[in-house]
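Please read the following alongside the sequence and the coordinates, taking one region at a time.

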Amino acid sequence: MERSVLITRLVPDPAPEMLRAAADRFTMNPADRPLEPAELIRSVPGHSAVLCQLTDRIDRSVLEAARGCRLIANMAVGFNNIDVEAATELGILVTNTPGVLTEATADLTWALILAVARRVVEGDAVMRAEAFPGWGPLYMLGAEVSGSTLGLVGPGRIATAVARRAVGFGMRLLYHGRRPNPELDTLGARLVELDELLAESDFVSLHVPLTDQTHHLIDATRLARMKPTAYLINTARGPVVDESALVEALRAGRIAGAGLDVYEREPKMADGLADCPNTVLLPHLGSATRKTRGAMAAMAAENILALWRGQKPPNLVNPDAWSPEHEGRV
Ligand code: DGY
């Protein structure tokens with residue numbers, strides 16, 4: 001196997017050097033923008049590994065065009081941008097970057113909880129507009145975070161890191177998932193059905209991967225189950241929420257507000273969302289710290305280097321596609 005890699009978009013150090021030093025052939029899109037679908041199809045053939053981003057749609061047509069490709073290393077923990085079933089069928093390995101972005105994403109979840117509940121962005125706009133009328137007992141009241149109930153949808157690493165922070169705020173913790181998470185249980189969180197979580201929580205925070213089962217998990221019916229005083233927080237994937245239904249719920253005051261980092265049709269937002277004052281809207285920044293993005297790129301590169309050494313890449317999401325024949329091919 002030729003040690004040949006395509007990096008679909010500029011990524012932070014040290015990943016490019018790690019790969020360049022070991023590669024027979026090294027190609028990196030020099031532009032800080034995603035490749036167009038046609039460019040991607042033209043660029044992938046002939047590379048044994050592709051380091052890609054969540055903005056690259058790696059569908060069957062790209063995978064079939066990727067002649068000679070053994071590994072798609074996604075620089076993200078979520079891999080809904082890749083047709084993993086097709087990759088497995090074609091014998092192409094897929095890896096992701098679990099763990100390294102947990103703390104950064106949990107921090108940003110908390111930034112959204114505090115910002116939307118305490119009207120931080122609205123308050124900042126008032127000051128910049130020199131529109132502060134002076135302190136008042138009824139002025140710009142928000143919701144109390146400390147002591148409230150946080151409902152975590154999804155029992156994984158990021159939900160657990162969000163829960164650890166919630167302990168400091170004296171919050172009651174609920175979570176929903178297919179199976180118990182002992183660490184969440186130790187933090188005092190209670191595993192409940194989704195409907196109970198929605199009905200009881202003051203903050204509902206989403207931490208599920210995007211799959212066929214979680215697409216529009218939060219739709220009009222589920223939004224209606226939330227308390228009118230509750231906030232929805234999404235740092236997972238946009239399509240987990242029916243965004244048009246969310247706009248309706250926000251407009252009608254069926255929920256108090258939303259803190260969003262991800263959108264159904266990124267980089268676009270549903271019509272009307274930006275006009276809802278009870279929202280804090282961020283441009284998919286969950287993992288966007290220098291340290292975390294560097295670690296994500298390095299982890300993706302490590303997976304490629306393992307393949308080139310004839311070893312099983314450590315972060316395989318389709319272990320079924322691994323066969324001992326991969327070993328020793330280099
Ligand atoms: C991920 O890794 O899935 C994040 O959304 C990237 O920021």
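Predicted model: local features only at pLDDT ≥ 70, side-chain atom pairs only at ≥ 80, totals over all residues.

Residues are numbered from 1 along each chain as its sequence is written, and side-chain values use heavy atoms, with hydrogens and water left out.

Strand β3 (residues 49-52) runs parallel to β4 and is joined to it by four bridges, with Leu-51 partnered by Ala-73 of β4; helices (H or I, at least four residues) and strands (E, at least two) are DSSP runs numbered from the N terminus, and two strands pair if DSSP finds at least two bridges between them. Together with helix α3 (residues 60-65), β3 and β4 form a right-handed β-α-β unit. From β4 the chain then passes through helix α4 (residues 84-89) to β5 in a β-α-β crossover that is also right-handed, meaning that, with the strands pointing away from the viewer, the path from the first strand over the helix to the second runs clockwise. Three bridges pair β4 with strand β5 (residues 93-95) in the parallel sense, and Ile-72 has Val-94 as its bridge partner there. Within β4 (residues 71-74), Leu-71 and Ala-73 point one way and Ile-72 and Asn-74 the other, and all are buried (under 20% relative accessible area, 1.4 Å probe, protein chains only).

Helix α12 (residues 290-308) has 19 residues, which at 1.5 Å a residue should span 27 Å, and this agrees with the 27 Å between its end C-alpha atoms, the expected span being 1.5 Å times one less than the number of residues. Of the 19 residues in α12, 14 are buried, and Gly-310, which follows the helix, has a positive phi near 85 degrees.

Key:
Buried < 20%, exposed > 50% of the residue type's maximum accessible area, 1.4 Å probe, protein only.
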